[in-house]
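Hi,

Here is the structure I promised to pass on. Please open it alongside this email.

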Amino acid sequence: MTKTLLLLPGDGIGPEVTAISRQIVERLNASDGLGVAIAEAPFGGAAIDLTGFPLADETVAQALGSTAVLMGAVGGPQWAGLPYDRRPEAGLLRLRSAMEVFANLRPAICFPALADASSLKRELVEGLDILFVRELTGGVYFGEPRGIEDLGNGEKRGVNTQVYTSSEIRRVARVAFELAAKRSGRVCSAEKSNVMESGLLWRQEVQALRDAEYPHIELSHMLADNTAMQLVKYPKQFDVILTDNLFGDILSDEAGMLTGSLGMLPSAALGVAGKPGLYEPIHGSAPDIAGQGLANPCASVLSLAMALRYSFDRADLADRVEAAVSATLDAGVRTRDLGGSAGTAAMGAAILGRL
Ligand code: IPM
Ligand code: MG
C-alpha cells in the first residue's frame, strides 16, 4: 500500500466521529481495493495532555508524508486557559500553515431529507448547493503584529493584523474560478472593501484575475455583512462564494444551519497540486455531548468522501459514500442534532450498510 490516510481524531466528539470514517476506509479497502493504509496520531488537546504541545514536529512530518489527513475536532474548556500558542486551535493553524493548504472548500448542501431540519423555511433551502472557497493560511489568523500588550497604566492593548498579498488572493481566487467553471460559472466574492484596504485589494485582485484569465466566469462582489444577510434571506442566489479566512469561518458556520445542522458539513483544504490535502468537519469538538455516543458522524464521513475525490482519485467511491449518507437520511436514521434519536454508532452502521 503506498497511499496513506493520517487520522488526527483530536478532542471531544472528534475521536467518536473519526472512528466511523475509519470503519468506512477499512470496508472500502476490503470490498473495493481502495488500498489506503491508515495511520493515527494525537492532536490538539489530546496531544497537549501527552506532551504539552498540540502538534508534535513528528506529526507535521507524518502529515506531509501522507496522501491525505483527516482531522476530527480540536479544543475544549480544559485547554482554554493556556497561552494562545499552546492551545489546541494553535496546533490546527500550524498544521494548515505547514501543509500550505490555502484553499478551503466548504460545501453547504441541503440533503432532501433534511429540508425541514433547517431553521429556515423549506422552500428557501430545498436543493441548496453552495460551495464556499475560504482562504485558509493567511489574513487575520496569521497576520503580524499580534498579541496582547500591557500599556502599563492599567490598560492593555490586543492586536491582530488583517493582511493579504496579491499572490495570496490570486491563488485562492483561481481555485474558486476553476471550481465554478465545473458548476454554474458564477462566483460571488465577499469582503469589506468599504472599510478595509486589504478588502479593497482583495476585490481588485479577484476582478483582475477574472478579467485576464476567466472572462467566461460571472463574477460579483458583495460586502461580507450583506453576504451574511443574503445567506438567510435568499441563499439559493449563491453558487461559489469566495472569501477570506475570517469571513469564511463565520459565513460557513451560518451556512451550516441552512443545511439543517453543522453536523452535516465537511471540508477539504487543498494547496499545491500533488501535496496532501487536509480534510475536516466544520463543526467543533462539542464538549457538551462528547463521550456520550450522540455525535453526528456525517460531516466526518462526508469529509472522507472529499478526500476520496480530491486526494485518492476515487470519485466513484466518493459518490457512493455520499449516496450512502443521503440514503441513510432518507431512511429516517438521524442523530439528535437532526431531530432523531440514533447514536453515532447506529448512524455509522446505517451508512456502512448502504455503501
Ligand atoms: C473552523 C474552526 C477553526 C477556525 C478553529 C477551530 C481554529 O472554527 O475550521 O471553522 O477558526 O478556522
Ligand atoms: Mg469555524
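Below is what turned up around the ligand and its pocket.

One caution before the details: this is a predicted model.

**The ligand**

Ligand 1 sits in the largest pocket. Its surroundings are Glu-89, Arg-96, Arg-106, Arg-134, Tyr-141, Asp-249 and Glu-280. By class, that shell holds six charged residues, one nonpolar and no polar.

- Arg-96: an N or O atom of its side chain is 2.7 Å from an oxygen atom of ligand 1.
- Arg-106: a polar side-chain atom lies 2.8 Å from an oxygen atom of ligand 1.
- Asp-249: here too, a polar side-chain atom lies 2.8 Å from an oxygen atom of the ligand.

On its own, ligand 1 has 320 Å² of accessible area, and the protein covers 79% of that.

The largest pocket has a volume of about 980 Å³. It is lined by 38 residues. Closest to its centre are Tyr-84, Glu-89, Ala-90, Leu-93 and Tyr-141. Glu-89 and Tyr-141 also belong to the set around ligand 1.

Which elements give two or more residues to the lining? They are strand 3 (68–73), helix 4 (88–99), strand 6 (147–150), strand 7 (156–159) and helix 9 (245–258). Helix 4 gives the most, with seven residues.

The lining as a whole has 17 nonpolar, 13 charged and eight polar residues.

Best wishes

Conventions
Residues numbered from 1 in each chain as written. Chains lettered and ligands numbered in written order. Predicted model: local features only at pLDDT ≥ 70, side-chain atom pairs only at ≥ 80, totals over all residues. Heavy atoms only, no water. Near = heavy atom within 4 Å. Polar contact = N/O pair within 3.5 Å; in protein donor to acceptor, adjacent residues only side chain to side chain. Areas by Shrake-Rupley, 256 points an atom, 1.4 Å probe, with all protein chains shown as cover. 1 Å grid on protein atoms, 1.4 Å probe; cavity = no way out; pocket = protein on both sides within 12 Å on 5 of 7 lines; lining within 4 Å. Sits in = over half its atoms within 2 Å of the grid points. Nonpolar A, V, L, I, M, F, W, Y, C, P; charged D, E, K, R; others polar. Points joined across faces, edges and corners; volume = space filled by probe spheres on them. Helix = DSSP H or I, 4+ residues; strand = E, 2+ residues; numbered from the N terminus.
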